[in-house]
Amino acid sequence: MTHSELRQLADTDGVSIGAHTLTHPSLPLLKRDDLKREISGSRQKCEEITGRRVVGFAYPFGDFDGSTANAVRSAGMDYAVTTLPREAGPRVDPFRLPRVTVADWGEADFRRMVLCYG
Ligand SMILES: [Zn+2]
């Protein structure tokens, strides 16, 4: 995707662009400075490209721990998504939001998966 295509996507109603690190490492394995650079650097890059404030983050490989979640919060993000396939309710930590992977399913399969978690 080009920067121009990304800007166009970011301008689409119902779409938000989130950060996902600079080099796609497993964040719990990083030292503090590298962790901060990966998170803040990717946020800054996304904001430069889209011209919009970036407040969402996705943990590469879904890997996170308490330090990682705190680093994302400290970087000024509003939320972060994991790869934990659970229901998201009002008591879920916004820096540990579950997420259901969506594949190239037909409507019936998509509906079944959504109902499974919701
Ligand atoms: Zn990824």
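**Close-up views of the predicted model**

**Figure 1. Lining of the largest pocket.** Arg32, Asp33, Leu35, Lys36, Asn70, Ala71, Ser74 and Ala75 line the largest pocket of this predicted model. The volume of this pocket is about 170 Å³. Two helices, α2 (32-50) and α3 (66-74), each supply at least two residues of the lining, and α2 gives the most, with four residues. By class, the lining comprises three charged, three nonpolar and two polar residues.

**Figure 2. Protein donors of the zinc ion.** The zinc ion has His20 and His24 as its protein donors, each through NE2, at 2.0 to 2.1 Å. His20 is partly exposed, with a relative accessibility of 32%. His24 also counts as partly exposed, at a relative accessible area of 34%.

**Figure 3. Salt bridge between Arg43 and Glu47.** The closest N and O atoms of Arg43 and Glu47 lie 3.2 Å apart in this salt bridge. Both residues belong to helix α2, four residues apart, about one turn of the helix. Arg43 is buried because its relative accessibility, 11%, falls under 20%. Glu47, at 25% relative accessibility, is partly exposed.

**Figure 4. Network of Asp34, Arg37 and Glu38.** Salt bridges with shared partners join Asp34, Arg37 and Glu38 into one network. Asp34 meets Arg37 at 3.5 Å, N to O, and these two residues of helix α2 are three residues apart, about one turn. Arg37 also forms a salt bridge with Glu38, with the closest N and O atoms 4.0 Å apart. Glu38 is buried at 2% relative accessibility, whereas Asp34 is partly exposed at 33% and Arg37 is partly exposed at 43%. The model has seven salt bridges by the rule applied.

Key: Residues are numbered from 1 along each chain as its sequence is written. This is a predicted model: local features need pLDDT of at least 70, side-chain atom pairs count only at pLDDT 80 or more; totals for chains, interfaces and linings use all residues. Side-chain values use heavy atoms; hydrogens and water are left out. On a 1 Å grid over the protein atoms alone, a cavity is a set of points where a 1.4 Å probe fits but cannot get out, and a pocket is an open set with protein on both sides within 12 Å along at least five of seven lines; lining residues have an atom within 4 Å of a point. Grid points are joined across faces, edges and corners, and a volume is the space filled by probe spheres set on the points. Ala, Val, Leu, Ile, Met, Phe, Trp, Tyr, Cys and Pro count as nonpolar, Asp, Glu, Lys and Arg as charged, and the others, Gly among them, as polar. Donors are N, O and S atoms within 2.8 Å of the metal (3.2 Å for Na, K and Ca); water is not among the atoms, so sites may look incomplete. Buried means under 20% relative accessible area, exposed over 50%, partly exposed in between (1.4 Å probe, protein chains only). A salt bridge is a side-chain nitrogen of Lys or Arg within 4 Å of a carboxyl oxygen of Asp or Glu.
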